[in-house]
Amino acid sequence: MKSPVHRCRDVEHGRGQTGDGAGVNCLQAEQRIPISKDVITSSSASALWFIRDACGIVCAVITWLLVFYAEFVVLFVMLLPSKNLTYSIVNGTLFNTLAFLALASHLRAMCTDPGAVPKGNATKEYIESLQLKPGQVVYKCPKCCSIKPDRAHHCSVCKRCIRKMDHHCPWVNNCVGENNQKYFVLFTMYIALISLHALVMVVFHFLYCFEDDWTKCSSFSPPATVILLILLCFEGLLFLIFTSVMFGTQVHSICTDETGIERLKGETGKWVKVPCWEAVQMAFGGPFSLSWCSPFTGLRCKKDPPEHITIPQGEIIEEDIIEIPLN
């Protein structure tokens, strides 16, 4: 007969949890660590978040360079040489607006704390300050020595436990988690839109050039024009497929209140799921409005001084599964 501690396992180690509740006092998210959300907000949200990962930085730079390449081809190969001024102004304004929103969303997704749990708070003094009831169980991450809230997972690249972690995306050089999922969704949506827009303009430009003289439909030579358009077409098609799939999976994860890593590990049914519309409102920061489409929500020129919550210091507890009361 296993003890309650051994029957309530940490999912990071691949061990299952029992759901019958017979003698097991596994905590719900808000019961297990009552002040964890406040601690996260005051300890990390006020600071600039950036992951120093070489692969992620290279991928993020490549993302920006590809957008700038598309910008160059659209403007200097297709729109500026066009004889139709209205066509150039409308499509130029639309493409540049979407590209700007895509890059702004990418920057917010990359530089926003995804929901990192404070490091090194798995101490006896801190756990006692939570005032948990006897029989309750908390979990310690053995990698970053932090008390893990419900639905938090450790990221080996960020080297932190992330609340509602969906996955680590090298293209934004960050984890997609509780605090930055909206910006990642907007990034994939705007990239898909500019990719589709670029493909449509490439098709129209090819048709225009076939009907007219190739030397007049672009300021570049015909071979250079064809190469630039083919590369843009390949880039647009590739990113349209990739970002559309990512956008769909993210919306599905939000609506089902289930992250990608939870679905991968089969952790469904271990928390009370919220309805689809409520989950979408939580992810996008409130009732439906145009701010849902803006990557600039939450930005302020002058921030209020953060309210620091002092975490009691002490030695890190060795056990990964900690039952209250502490010995």
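A: Let's start with the term itself: a salt bridge is a side-chain nitrogen of Lys or Arg within 4 Å of a carboxyl oxygen of Asp or Glu. Side chains of opposite charge can pair when their charged atoms come close. Here the side chains of Arg163 and Glu178 make such a pair, at 3.0 Å from N to O. Their positions are 15 residues apart: Arg163 sits in strand E4 (residues 160-163), and Glu178 in the loop between strand E6 (174-176) and helix H7 (181-211). Helices (H or I, at least four residues) and strands (E, at least two) are DSSP runs, numbered from the N terminus.

Q: What should I keep in mind about the model and its numbering?

A: It's a predicted model: local features need pLDDT of at least 70, side-chain atom pairs count only at pLDDT 80 or more, and totals for chains, interfaces and linings use all residues. Residues are numbered from 1 along each chain as its sequence is written, and side-chain values use heavy atoms, with hydrogens and water left out.

Q: Does Arg163 count as buried or exposed?

A: Buried means under 20% relative accessible area, exposed over 50%, and partly exposed in between (1.4 Å probe, protein chains only). Arg163 has 13% relative accessibility, so it counts as buried. Glu178, at 27%, counts as partly exposed.

Q: How many salt bridges does a search of the whole structure find?

A: The search finds five. One of them joins Asp257 and Arg151, at 3.1 Å from N to O. Asp257 lies in the loop between helix H8 (222-256) and helix H9 (260-265), and Arg151 in the loop between strand E2 (147-148) and strand E3 (152-155), so the pair ties together parts that are 106 residues apart in sequence. Both Asp257 and Arg151 are buried.

Q: Which residues are linked with Asp257 in a network of salt bridges?

A: The network links Arg151, Lys164 and Glu262 with Asp257. For Asp257 and Lys164, the closest N and O atoms are 3.7 Å apart. Lys164 is partly exposed, with a relative accessible area of 26%.

Q: Now the surface: which residues form a nonpolar patch?

A: Patches are made of residues with over 30% relative accessible area and no salt bridge; like charges are joined within 9 Å, nonpolar side chains (Val, Leu, Ile, Met, Phe, Trp, Tyr) within 5 Å. Accessible areas come from the Shrake-Rupley method with a 1.4 Å probe, and for residues only the protein chains shown count as cover. Phe50, Ile57, Val61, Leu65 and Phe68 make up the patch, with about 440 Å² of accessible area together. Leu65, in helix H4 (residues 54-79), is exposed at 52%.
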